[in-house]
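Look through the chain below from one end to the other. The paragraphs that follow take a pair of helices and then a sheet.

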Amino acid sequence: PAALVWFRDDLRLDDQPALQAALAQEYAPIPVYVHAPEEEGDWAPGAASDAWRRRSLQALDAALRARGSHLTCVRGPTLAALQRLASATGAEAIFWTRRYEPAIERRDTELKRALRRAGLHTESHNGALLVEPWDVATKAGDPYKVFTPFFKAAIARMRTPRTWDAPAHLPPVAFDDAAAHAIDAPAIDALLPAPKHAWNRTFWSHWTPGEQGARDALRAFVPKVAAYPEGRDLPAMEGTSCLSPHLHFGEVSIARVYATIAQSDAPKDARIAFLRQLFWREFAHHLLHHFPRTTDHNLDPRFDDFDWARVDDAQLDAWKTGRTGIPIVDAGMRQLWHTGWMHNRVRMLVASLLTKHLRMHWLHGARWFHDTLVDADLANNTLGWQWVAGTGADAAPYFRIFNPTLQAKRFDPDGAYVRTWVPELGTPDYPPPIIDLATAREAALAAYARR
Ligand code: FAD
């Protein structure tokens, strides 16, 4: 019998548990993708995510075709689309890997129930995390809110990741392109058209969406692991893995990343430094699952009455476009615009400037990141913003305010990163600072004291 394998944020064939489960139960898999951004609540994928997904779906389709199969893409609503696909193909089952965004968890729960009522066998699998969010709890049975104890509990709970290779061949999809046409399965290009303004054309000299690009990025990172503990904080060095968009779209499995680095011959402390970082991603998903309101609300309710400054559109715009006159911040915001990615250290600095010196609510920054990052990820982005703003789990206390000038001296000592992105620094073309850092810091601390 046939089964739909419903691809979501798991756009790969290697170590793909939904596909493996269908094959293991001797179903003939029919790979499908349903485009339904309106089902993602207030956090539908942004422009950079759409640009990436379009290419990633094309790569997945090519990989499937190389194995004798292909990807059928349809538009939502998802439930109706899956039912239509199942009846057109005679599929008896639907397999997928889990997602943890609140709107998606709700939708998937309802959808599973409805599909089962309709007589379809459904199975969801963990293909995105090392440990499921509900498998780790404090002694009292509560979710964790502090990273280190979460990390210890999660690593203890984790089973050695098991990985499966991609199947070499797949059965042809009984459902051919003509039948796809009949049920209105548009080409990927029609579903996710290329962005009109080609703002993203600079992205693709930095990135290759899809499974092959992910595998290449992982392979390229292995020799860099030894230098990761020092290199990860130096934005000019490119010392991090740049796996974040590949992980977000599931183009490489987290188990594969974990196993590759754990088995590499880098020194143990370097391997651990990197693997520990993967658990920040786990922690972010744990928090998102247990505290779904935090996508839009402070995790720490003491901040609900915080005196955020009135949004100054000109300042917000200067921040978004990298024209604040604060070089390391502008460098980061321009790296984001041109590549769809920003170094973690610099993410912390730009977020700190927005939420502390400019005292704007972290959601203004989170929304901009969500739209412009190729690795935009509701779990990681929410954690990152709430952590920097001081409103979230294990947060840096609000009163600890990064000084971007000192941070730049420390982490970009010869200015190489800033010069790459702000070449006009020191010329009349570069704007003066939009705020006085010292005064803004005092104002932020005063607002904090009034809280
Ligand atoms: P590496 O250092 O090579 O780390 C490997 C992987 O571990 C990353 O790909 C990522 O999946 C995970 N990871 C590393 N650091 C973190 C972290 N602090 N939190 C969660 N996961 C982590 N990451 C996103 O993937 N999507 C986001 O939308 C996002 N928004 C952020 C917003 C702010 C304000 C901040 C401070 C951080 C944000 N991060 C986000 C976390 C982090 O900056 C990126 O994961 C990292 O820079 C990606 O680069 P890399 O793959 O080279 O990281």
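At what angle do helix α15 and helix α17 pack? This is a predicted model, in which local features need pLDDT of at least 70 and side-chain atom pairs count only at pLDDT 80 or more, while totals for chains, interfaces and linings use all residues. Residues are numbered from 1 along each chain as its sequence is written. Helix α15 (residues 344-357) and helix α17 (residues 378-389) pack at about 55 degrees, and their axes are 9 Å apart. Axes here are lines fitted to C-alpha atoms, for helices over the stretch in contact, and angles run from 0 to 180 degrees between N-to-C directions. Angles under 35 degrees count as roughly parallel, over 145 as roughly antiparallel, 65 to 115 as roughly perpendicular and the rest as oblique; α15 and α17 are therefore oblique to each other. Their crossing is right-handed, meaning that the near helix is turned clockwise from the far one by less than a right angle.

Now turn to the sheet. Helices (H or I, at least four residues) and strands (E, at least two) are DSSP runs, numbered from the N terminus. Five strands form an open sheet with parallel pairing, in the order β3-β2-β1-β4-β5. The edge strands, β3 and β5 (121-125), each pair on one side only. From one strand to the next, the twist averages 25 degrees. Two strands pair if DSSP finds at least two bridges between them.

Strand β1 (residues 2-7) pairs with β2 in the parallel sense over six bridges; in β2, Ile30 is the bridge partner of Leu4. Three bridges join β1 to strand β4 (residues 93-97), again in parallel, and Val5 stands opposite Phe95 in β4.

Strand β2 (residues 28-35) has seven of its eight residues buried, where buried means that 20 or more other C-beta atoms, placed from the backbone, lie within 10 Å of the residue's own. Four bridges pair β2 with strand β3 (residues 72-75) in the parallel sense, and His35 has Arg75 in β3 as its bridge partner.

How is the chain carried from β2 to β3? The chain crosses through helix α2 (residues 47-65), and this β-α-β crossover is right-handed: with the strands pointing away from the viewer, the path from the first strand over the helix to the second runs clockwise. β1, helix α1 (residues 17-24) and β2 also make a right-handed β-α-β unit.

Terms used. Buried ≥ 20, exposed ≤ 12 C-beta atoms within 10 Å, placed from the backbone.
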